[in-house]
Amino acid sequence: MTGFHARLTSVRQHLHQHPELGLQEDRTRTYVAEYLKDLGLEVHEGVGVVGILRAGPGNRAIGLRADMDALPINEQSRHDYVSRNEGVMHACGHDGHMAMLLGAAELLAEDPSFDGTVVFLFQPDEEHGSGAKAMIAEGVLERFPVEEVYAIHNLPGAPVGQVSTRKGLICSSESLFEISIQGQGGHASMPQVGVDAITVGAEMVQALQTIVSRKLAPGAGAVVSVTEFVTDGQRNVLPGQAVLKGDVRARSPEDRVAIAGFMRQIAQGVAAAHDATVEVDFNTGFVETLNAEGPTEAVVRVAHAMGFETLADRPPMSFSEDFAQFSVAVPGCFLLLGNGEEGPNGQPLHSNDYDFNDALLPIGARFWAELVRDRLPATRKD
């Protein structure tokens, strides 16, 4: 292990030991800011951390983003750098994303062979979809305008260092819904004199599945999942109220809007058939993540040039990404970097025994640095 690799490993494992939930990343923010300052970067702290590195006379700028937050998960790992914050864990690899971007800042500060400005964006609260919005609302893109923006996410189950991305849609949207049913409670022995909210809700759960199977085109990639069913019923009391909660993933704004409409139509129809009333709340927290053509071609070109196994047209991911807010505002590219296929490195994201692969740290850092040099080529001196 080289000295650079060892430093990044130490950084990553330190961050892993001290995870913090979204919009509570106080210690993490301070650590990142101090690291960037020690490298000589201009640093700005707000809801997130922004590092600025300039080289040459050029006025072009690109942004590189890493997420900082952890998850409310009790870690079950067996390595010697487990979380010291009980019930909180870096189970999605954001510790590694930060370490790779800090490593890129180190490489570029030591060898600023590019022409322009790199804006290092360390974002809070990716998991709940409010961090990018908060940074944008704070004016980060007005204060530090960039022409393009990029983000890396590790991918367990893929070979170490494999780069995969695609033009257009790369990640689904996520919308949360809540359906409130008002029936008439009653005695369990006399269901005919009431309106059993469980019966109404159960029929809705089944009917909602026809949105994907019968109302959208085959292959649309949408998912409708009811994840909670809560009533006020008791042992011998039929419930008069029920609430269904769930999650919707869609791969286009058109499908997302259509699903919301079908959901309201189905809920109202089922409720009317049982003489119940219903209210439907549908809120989109994560919009679809879209990759722009130029930035995506640059990612593929650099990955090929560095000799990485590269998938230039991978299938879209069903998970959602807060990076979408940046790539809506500025042309960008979200890419996946293989985290390994075995052991903790191959465990699913958000599992309590997942771990980011430290072998990926220098790979990601060097990829970032080469991408900067590709997008902001140094001015030739004759």
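Reply: Gln234 counts as exposed because its relative accessibility is 58%; exposed means over 50% relative accessible area, buried under 20%, and partly exposed in between, computed with a 1.4 Å probe on protein chains only. The model is predicted, so local features need pLDDT of at least 70 and side-chain atom pairs count only at pLDDT 80 or more, whereas totals for chains, interfaces and linings use all residues. Residues are numbered from 1 along each chain as its sequence is written, and side-chain values use heavy atoms, with hydrogens and water left out.

Gln234 belongs to the loop between strand S10 (223-231) and strand S11 (237-238); strands (E, at least two residues) and helices (H or I, at least four residues) are DSSP runs numbered from the N terminus. Ala188 lies 46 residues from Gln234 in sequence, and the two are 9.2 Å apart in space, C-alpha to C-alpha.

Four strands form an open sheet in the order S10-S12-S8-S13, with antiparallel pairing; two strands pair if DSSP finds at least two bridges between them. S10 and strand S13 (277-286) are the edge strands, each with a single partner strand, so one side of each has no neighbour in the sheet. From one strand to the next, the twist averages 15 degrees. Strand S8 (residues 173-182) and strand S12 (residues 241-250) pair in the antiparallel sense over 10 bridges. Ser180 has Val243 of S12 as its bridge partner.

Two helices accompany these strands. Helix H8 (residues 253-273) packs on the sheet and touches S8, S10, S12 and S13, contact meaning heavy atoms within 4.5 Å. The direction of H8 makes about 165 degrees with that of S13; axes are lines fitted to C-alpha atoms, for helices over the stretch in contact, and angles run from 0 to 180 degrees between N-to-C directions. H6 also lies across S8, S10, S12 and S13, and runs at about 170 degrees to S10.

Ala207 is found in helix H6 (residues 197-208). Ala207 counts as buried because its relative accessibility is 19%. Ile266 is 59 residues from Ala207 in sequence, yet their C-alpha atoms are 7.0 Å apart. Ala207 and Ile266 are among the members of a second, separate core of 29 residues, which also includes Val195 and Val280. A nonpolar core here is a set of buried Ala, Val, Leu, Ile, Met, Phe, Trp, Tyr and Cys residues joined through side-chain atoms within 4.5 Å.

The largest nonpolar core has 52 residues, and Leu36, Leu64, Phe120, Phe122 and Phe367 have the most contacts inside it. Helix H3 (residues 94-110) gives the most to this core, contributing nine residues. Beyond its neighbours within four places in sequence, Leu64 is in contact with residues including Leu101, Phe120, Tyr150, Trp368 and Val372. In soluble globular proteins, nonpolar side chains tend to be buried together.

The cysteines complete the account. The structure holds zero disulfides, a disulfide being a pair of cysteine sulfur atoms within 2.5 Å. Cys171 has its closest cysteine sulfur in Cys333, and the two sulfurs are 10 Å apart, too far for a bond. Cys171 is buried, with a relative accessible area of 0%. Cys333 is buried, also with a relative accessible area of 0%.
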